[in-house]
Amino acid sequence: MANVTDLQTKYSKLAQEYSKLRAQNQVLKKAVVDEQANSASFKEQLKQRDQSLRKQEQEMDSLSFRNQQLAKRVELLQEELASKADSPSQHSLETQCVFDEDLQKKIEENERLHIQFYEAGEQHRRQEAELKTRLQELEKDSEQHQAVVGGLTTKYMETIERLQSDKARLEIKSQTLEREAKECRMRTEECQQQLRLSQSELNRQVKQSSSVIQEKVPFNDTKLIGYNSLNVPPHNRRHQLKARDVAGQALSFIQDLVAALLNFHSYTEQRVHIYPLDSSIEPISPLNQKFSQYLHENAAYVRPLEDSFLHLHQSITEDTVTVLETVVKLKSFADNFSSYTHFLQKILPYQLKSLEEECDAPLCTAALTAKNQELQSDMKRVTSVFEKMQSYINLLSLPSVRQDAMPQSSTSAVFTQLAACLHSLHDAIKEMSKHYNQKADLEKELPTITQKLCTTTECLLGSLGSLTSSTSKIATFFSNNLDFFTSSGYSPRGSTLALNPLQAESMLANKKKAAAYINAVKKSRPQSVPYSEALSNRRILTSSTESREGLSQQVQQSQDKIARLEQEKEHWLLEAQLGKVRLEKENQRIADLEVQLTAAQGGSPNSHSAAASTLAQSHEEAEIEPKAGGKEATLCTSLVGMLCTTPSVEHVGDEDSRETLIKTHYMARVGELTTQLQISDSKAVHFHSECRALAKRLAIAEKSRETLTEEIKLATQKITRLQDELATTKRSYEDQLSMMSDHLCSMNETLSKQREEIDTLKLGSKGNAKKNKGR
């Protein structure tokens with residue numbers, strides 16, 4: 001209903017604006033009509049002036065005609081005077097005087113008429129010029145008024161169309177809101193009915209619970225703070241999932257920070273060995289040696305930060321209750337952070353002295369000295385920020401160790417100050433990174449710079465960049481989750497006090513016992529068998545007991561026989577391998593004897609007899625060797641049973657050879673299985689890391705997809721709005737063009753009529769002039 005009222009208010013405002021615009025439009029129309037009337041009156045005055053001009057021109061023509069007549073008469077009179085000059089008399093003199101006076105008067109009148117004619121012509125030209133100028137100004141004003149009227153008309157038409165569309169949209173919206181209001185009223189009635197039912201049900205449950213409590217509960221432990229603290233608080237699964245998620249994110253940021261700190265300290269150690277003195281050429285100063293020795297121990301202080309926070313993250317599960325009083329692993333992280341802070345305090349004087357040694361170098365410029373002094377102040381600032389963070393982290397770890405170590409009201413202030421310290425740490429490391437970059441640029445200009453120093457400095461700058469990025473992420477993450485950190489955690493029902501460590505431990509133990517009890521209660525009992533079915537099953541079991549025992553004996557005998565056959569199979573496989581080895585050895589021996597025999601056939605009879613005796617002896621040895629034994633070969637078998645033979649120098653028996661062969665076979669098999677196990681473990685680790693990376697990429701892709709979807713929606717709305725504006729502008733331009741074309745047509749017609757009138761007047765004036773000259 002509030003929306004309907006707002007819509008009605010907006011609609012009334014739009015109607016008022018529409019009425020105002022209509023009134024302004026009427027005023028402008030009246031002004032245009034007045035201007036058109038003024039323009040018509042000025043045109044009428046111009047016509048009257050043209051008529052007066054034509055009259056004056058006619059009078060001028062008549063005066064010029066009379067002037068010509070007078071001139072001719074003067075000439076006649078002069079001729080008469082000249083003819084009568086020979087006989088002067090008194091009468092002639094009087095006549096001459098009269099004529100002279102008359103002539104003088106005519107001359108004066110002619111001059112006066114000429115002056116009046118000139119003045120009238122000048123006045124006419126001046127008035128004509130003024131009227132033309134005024135006419136041009138009026139035409140310009142009329143054009144401007146027409147343009148303003150056209151623009152206002154277009155604007156008002158657009159406003160009217162927009163208001164009509166707004167009116168239609170608001171009517172549709174009001175209808176929709178009325179429909180929604182009806183639905184809301186119906187839902188409200190349903191909710192009221194459900195509320196009445198719920199209230200009646202709750203009243204019934206309260207009565208039942210009250211009776212149960214009065215009859216069954218001997219005392220109420222929620223009234224006593226000591227007993228109430230041992231009760232299991234309501235489990236907030238969303239809070240636990242959020243806590244684990246936040247701890248996981250913090251762990252990834254801590255890992256990045258640890259990696260960046262390790263790189264920073266390691267590359268600082270390398271730089272100390274290179275600059276200002278190269279340890280490979282000459283020994284460095286004892287101060288830098290001690291500084292390098294301390295820096296070499298950085299992993300012993302930095303690595304425990306990651307390990308302790310990993311244990312903290314593993315201790316936060318969905319089944320635990322995560323508050324400051326129960327997070328026991330936070331104390332180990334605080335201790336490790338304190339040890340790392342002490343490490344920074346220990347190496348700070350050596351860092352400052354090392355930079356002073358760089359300033360004392362002979363090629364150190366004033367700019368480098370200034371940068372080293374700035375770096376000294378940056379390192380002091382970073383160490384002081386770490387000390388502040390150590391204090392706040394130790395404060396946060398106290399509630400899990402000692403009862404009433406920190407008031408619960410101070411927890412939010414500690415978290416807020418820790419967030420401010422994280423931002424200060426990011427700013428300090430950012431400044432240090434900037435100054436190191438400037439220092440590296442200045443060092444590149446030195447003539448004695450080496451490639452090793454440049455590479456180490458670039459690595460150091462890279463570690464500072466990653467350190468800046470990781471501190472920025474940690475500060476932003478902590479500020480974004482500050483509300484979660486400062487929110488109230490778990491507490492028993494009816495109590496606002498926080499848990500102490502001993503109570504938290506007892507409470508968690510009670511929670512586990514309660515969960516085990518509920519699981520035991522929820523176990524479903526086995527379904528009972530009907531008595532008649534149980535009797536029939538018993539008869540079947542008793543009748544089939546002997547057959548079952550016989551079958552079990554047969555199965556046992558079959559299993560023993562299978563095991564014996566497997567052993568015999570292994571034995572005969574080994575015998576076959578040994579036979580194969582003997583066969584290869586005999587073939588080799590026969591080939592050697594054949595070679596000896598062919599060599600002996602080309603010698604003396606003694607040699608033939610020796611070869612024969614040797615051949616006979618070899619045949620006898622070949623017949624005796626399978627029984628007694630002979631020279632054997634050392635075997636190594638692969639997984640598929642392939643063999644490689646190596647001649648043995650010693651004569652060993654068949655049992656020793658078989659034992660050696662079996663041992664070699666199983667050792668090779670164990671080696672292959674070990675190799676396969678290592679390969680499988682490495683593949684599993686690789687696949688695990690790849691799955692984690694893919695999961696992170698999937699989460700990032702989902703976030704980017706949501707962002708892009710929102711951007712696409714906004715872009716689509718913007719495109720629709722621009723298309724509407726384009727259509728409106730196009731329509732207004734088309735209307736303006738049509739109005740301008742009509743106006744131009746009317747103006748062209750007016751100009752053509754004026755040109756025709758001017759041409760007609762010019763022709764009429766020329767004809768009158770010719771007539772006057774003819775006269």
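**Stop 1: the largest cavity**

The largest cavity has a volume of about 140 Å³. A cavity here is a set of points on a 1 Å grid over the protein atoms alone where a 1.4 Å probe fits but cannot get out, and lining residues have an atom within 4 Å of a point. Points are joined across faces, edges and corners, and the volume is the space filled by probe spheres set on them. This is a predicted model, in which local features need pLDDT of at least 70 and side-chain atom pairs count only at pLDDT 80 or more, while totals for chains, interfaces and linings use all residues. Residues are numbered from 1 along each chain as its sequence is written, and side-chain values use heavy atoms, with hydrogens and water left out.

Select F264, H265, L344, V382 and M432, which lie nearest the centre among the 13 lining residues. Then colour α4 (237-274), α7 (330-360), α8 (366-397) and α9 (411-443), each of which supplies at least two residues of this lining. Helices are DSSP runs (H or I, at least four residues), numbered from the N terminus. α8 provides the largest share, four residues. The lining has 10 nonpolar, three polar and no charged residues; nonpolar covers Ala, Val, Leu, Ile, Met, Phe, Trp, Tyr, Cys and Pro, charged covers Asp, Glu, Lys and Arg, and the others, Gly among them, are polar.

**Stop 2: the second largest cavity**

Next select the lining of the second largest cavity, including T268, R271, Q351, E358, Y436 and K439. Its space is about 110 Å³. α7 gives the most to this lining, with four residues. By class the lining divides into six nonpolar, three polar and three charged residues.

**Stop 3: the second largest pocket**

Move to the second largest pocket, with about 1100 Å³ of space. Of its 29 lining residues, L46, D50, E757, I758 and L761 are the closest to the centre. A pocket is an open set with protein on both sides within 12 Å along at least five of seven lines. α16 contributes the largest share of the lining, 13 residues. Eight lining residues are nonpolar, eight polar and 13 charged.

**Stop 4: a surface patch**

Finally, select Y517, I518 and V521, which make a nonpolar surface patch of about 320 Å². Patch residues have over 30% relative accessible area and no salt bridge, and nonpolar side chains (Val, Leu, Ile, Met, Phe, Trp, Tyr) are joined within 5 Å. Y517 is found in helix α12 (residues 501-522).

Technical notes:
Patch = residues over 30% accessible without salt bridge, like charges linked within 9 Å, V, L, I, M, F, W, Y side chains within 5 Å. Areas by Shrake-Rupley, 256 points an atom, 1.4 Å probe, with all protein chains shown as cover. Salt bridge = Lys/Arg side-chain N within 4 Å of Asp/Glu carboxyl O.
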